[in-house]
Amino acid sequence: MIRPVDILAFGAHPDDVELSCGGTLLVANAQGQSTGIVDLTYGELGTRGNKESRLRESTKAREILGVTFRANLGLSDGFIDDSMESKLAVIRAIRSARPQIVLANAVKDRHPDHPQAAKLVREAAFLSGLVKIETRDDQGNVQQAHRPKAVYHYIQSDYIEPSFVVNISDFWDKKWEAIMAYSTQFHSINTKDKAFDNSDKKTFISTPTFLEMLKGRHAEFGNLIGANYAEGFVSNRPVGLQNILSLS
């Protein structure tokens with residue numbers, strides 16, 4: 001069940017959040033902020049695993065990340081669009097969670113669902129603040145309009161220069177544990193589960209090289225601020241600061 005949180009992270013597929021902004025959610029939790037995740041699809045078109053296995057894995061990852069809730073909107077994997085129906089589904093989620101900050105997919109990436117999801121969530125976040133758009137929650141109650149203060153896009157496979165980065169060094173091991181909860185999706189020298197369809201099929205993200213790239217990317221972003229690891233984000237507008245001394 002979706003509940004009010006400070007930070008709401010959207011992912012086109014289960015594991016998008018873990019790969020790209022899971023550390024930021026862990027940092028926020030440690031600082032006393034509440035967090036939640038909304039997956040747009042079940043990732044059912046993925047070569048490895050299936051809808052059921054992805055759901056089990058995302059539930060395990062949720063427990064590792066310690067988020068307040070995790071929900072799935074059940075949109076069609078591979079066919080995410082910005083139709084009225086899709087926008088209303090995201091608006092309902094935002095109005096239920098009432099976040100200050102929304103984190104969303106990359107604005108440019110190799111998987112077409114990712115930039116589509118970025119556009120969908122960014123536009124829905126704006127429309128969510130319009131009082132003349134009426135939506136109802138799961139209990140049938142009319143929802144109040146709510147517009148987050150900001151939408152930030154995390155960085156995925158394609159390199160994008162970040163607007164800012166978040167130091168996740170203290171939470172790197174926990175972030176990696178959440179990623180590896182997706183045992184059907186990523187390379188592991190310890191396990192090879194034949195219980196899932198096509199678990200032996202090689203994909204872009206199932207190779208050791210992908211995980212090496214991922215670790216290097218986070219190390220690169222960390223190096224920008226003198227940290228071991230960081231996650232990068234893109235802002236569509238300048239990021240305001242209360243105190244210039246908060247800059248690393």
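What is the relative accessible area of K108, and into which class does this put the residue?

Author: The relative accessible area of K108 is 44%, which makes the residue partly exposed. The classes are buried for under 20% relative accessible area, exposed for over 50%, and partly exposed in between, with a 1.4 Å probe and protein chains only. Before going further, note that this is a predicted model, in which local features need pLDDT of at least 70 and side-chain atom pairs count only at pLDDT 80 or more, while totals for chains, interfaces and linings use all residues. Residues are numbered from 1 along each chain as its sequence is written, and side-chain values use heavy atoms, without hydrogens and water.

K108 has a partner. Its side chain meets that of D158 in a salt bridge, with an N to O distance of 3.6 Å. The two residues come from distant parts of the chain, 50 residues apart: K108 is in the loop between β4 (101–104) and α4 (113–127), and D158 is in the loop between β5 (150–154) and β6 (164–167). D158 is partly exposed as well, at 22% relative accessibility. In general, side chains of opposite charge can pair when their charged atoms come close. The criterion used here is a side-chain nitrogen of Lys or Arg within 4 Å of a carboxyl oxygen of Asp or Glu. By this rule the count comes to ten salt bridges.

The loop between β4 and α4 also holds N105. N105 counts as buried, at 1% relative accessibility. Leaving aside neighbours within four places in sequence, the contacts of N105 (heavy atoms within 4.5 Å) include F10, G11, A12 and D16, together with H114, A117 and A118, and also H153, Y154 and Q156. N105 and R122 are 17 residues apart along the chain, and their C-alpha atoms are separated by 9.6 Å.

R70 and D39 form one with an N to O distance of 2.8 Å. This pair also joins distant parts of the chain, 31 residues apart, with R70 in strand β3 (residues 69–72) and D39 in strand β2 (residues 35–39). Both R70 and D39 are buried. E177 and K174 form another, the closest N and O atoms being 3.5 Å apart. E177 and K174 are separated by about one helical turn, because they are three residues apart in helix α5 (residues 172–180). E177 is partly exposed at 40% relative accessibility, and K174 is partly exposed with a relative accessible area of 37%. A network of salt bridges links D82, K87, K119 and E123.

D15, in the loop between β1 (7–11) and α1 (16–30), has phi near 100 degrees, a positive value in a residue other than glycine. D15 is buried, with a relative accessible area of 5%. R98, in the loop between α3 (84–97) and β4, has phi near 50 degrees, again a positive value in a residue other than glycine. R98 is partly exposed, at 30% relative accessibility.

L211 lies in helix α6 (residues 208–223) and is buried, with a relative accessible area of 9%. L211 and L19 are 192 residues apart in sequence, yet their C-alpha atoms are 9.8 Å apart in space.

As for the whole chain, six helices and seven strands are present. Helices (H or I, at least four residues) and strands (E, at least two) are DSSP runs, numbered from the N terminus. Their order along the sequence is β-α-β-α-β-α-β-α-β-β-α-α-β. The radius of gyration is 17 Å, close to the 18 Å that the globule rule gives for 248 residues, so the protein chain is as compact as a globular protein of that length. That radius is taken over C-alpha atoms, and the globule rule is 2.2 Å times the number of residues to the power 0.38. The C-alpha trace spans about 55 × 45 × 30 Å along its principal axes. Buried residues make up 49% of the 248 residues. Among contacts between residues at least 6 apart in sequence, 81% join residues at least 24 apart.
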